[in-house]
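The structure is shown first.

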Amino acid sequence: MKNFFRKHSILVFYVVTFLFTPIFSLINVYVFPSAHIDGVIFPQFVPGIVAIILIRLTEGNIGIRKLLLKFKVSREIMIWLIITIVIPIAMVGISYLLLSVIDYGYIKKITLSEASLPLLIGTLICSIGEEIGWRGYMLPKLQSIHSPFISSVILGLFWGIWHFKFQYGLIGFLLFILIVIELSILFTWLSTKTNGNLIIATIFHAIFNFTTTILLSTTIGIKMFAVEVIVFGIFCIIVLLVSGWGLENNKLYSST
C-alpha cells in the first residue's frame, strides 16, 4: 500500500481531496453556518489534511519535519514577502477599478466595511490548509517530472476544478479555471524563487482571498471572471518575461 501511494502520489492526493471536500462543505453549511463570515471555509483544510496523512504514511516523521521546514522564516524571503503582499492587492485592486468603470462609468468609492481582523485571521488559517496540500505536496511532486510552467498549468487545472464553481454556467466555469491557472503560475513563480517557502504561498493566498472578499464579493460572476482573466494574465506575462522564469527550468526549485 505504501508503495502504491508513493507511485501514484499525485493521483491519490487529488482523488482523496476531491472526495472529502463535499463532506467538509456540508459541515461548513450545517454545523458552522456562520463560520464563513470570519473567513473560515472548512473545505480549505482538506488538501492540507490529506497531504499530511500521505506524507506520514509514505515518509514518516522525516517527511513531516521537511514539511515544517517549509514554514521557515529567513532573511532571504523578506523582499519576497513584500512582493507577495503587493501583487494580489494590485491584481484585485485593478480588477475592482475596471469593474467600477464598466458597471458605473466611474471609479466606485472603496468601502472597507467588510474588512475585519477576524476575517483576515480566518482567511490566513484556512490558506495554510490549502497551501500545505497544493504547494507543499502536489507542486513539488509535479515539478519533479515537469517544468515549473507545465506544473503550474496542471496544478491550476485540477485546483480550479476542485473549487466546484459550476453555478455560473459553462462559460463562467471555464473562465474561473483560466483564473486559477494564472494564479497557479504566480504561486509557482513565488515558490520557485523562495525555495518552496509555504509562508510566502500562504500569505499570497490569504491576501488574495481577503482583498477579493472586501472588494469583489458583490461582483462575482462571468463579468468579473472575464476582467480577472485579462488582468491576471497580464501579471503572468510580466512575471514570465521580466524574470526569465518558465519552461526552461526543470529543477524542483531554483536557488534564487
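Helix H5 (residues 117–143) and helix H6 (residues 148–162) have axes that come within 9 Å and cross at roughly 140°. That angle makes H5 oblique to H6, where under 35 degrees counts as roughly parallel, over 145 as roughly antiparallel, 65 to 115 as roughly perpendicular and the rest as oblique. Axes are lines fitted to C-alpha atoms, for helices over the stretch in contact, and angles run from 0 to 180 degrees between N-to-C directions. Helices are DSSP runs (H or I, at least four residues) numbered from the N terminus.

The model is predicted: local features need pLDDT of at least 70, side-chain atom pairs count only at pLDDT 80 or more, and totals for chains, interfaces and linings use all residues. Residues are numbered from 1 along each chain as its sequence is written, and side-chain values use heavy atoms, with hydrogens and water left out.

The crossing of H5 past H6 is right-handed, that is, the near helix is turned clockwise from the far one by less than a right angle. On the H5 side, the contact (heavy atoms within 4.5 Å) involves Glu-130, Trp-134, Arg-135, Met-138, Leu-139, Leu-142 and Gln-143; on the H6 side, Pro-148, Ser-151, Ile-154, Leu-155, Phe-158, Trp-159 and Trp-162. By class, ten residues of this contact are nonpolar, two polar and two charged; Ala, Val, Leu, Ile, Met, Phe, Trp, Tyr, Cys and Pro count as nonpolar, Asp, Glu, Lys and Arg as charged, and the others, Gly among them, as polar.

Leaving out residues up to four places away in sequence, Phe-13 touches Pro-47, Val-50, Ala-51, Leu-54, Gly-133, Trp-134, Tyr-137 and Met-138. Thr-17, in helix H2, touches Val-46, Pro-47, Val-50, Trp-134 and Trp-162 under that sequence limit.

Relative accessibility is tabulated here; buried means under 20%, exposed over 50%, and partly exposed in between (1.4 Å probe, protein chains only).

| Residue | Relative accessibility | Class |
|---|---|---|
| Thr-17 | 0% | buried |
| Phe-164 | 28% | partly exposed |
| Asn-195 | 54% | exposed |

Phe-164, in the loop between H6 and H7, has a positive phi of about 60° although it is not a glycine. Asn-195 lies in the loop between H7 and H8, and its phi is also positive, near 60°.

Conventions:
Helix = DSSP H or I, 4+ residues; strand = E, 2+ residues; numbered from the N terminus.
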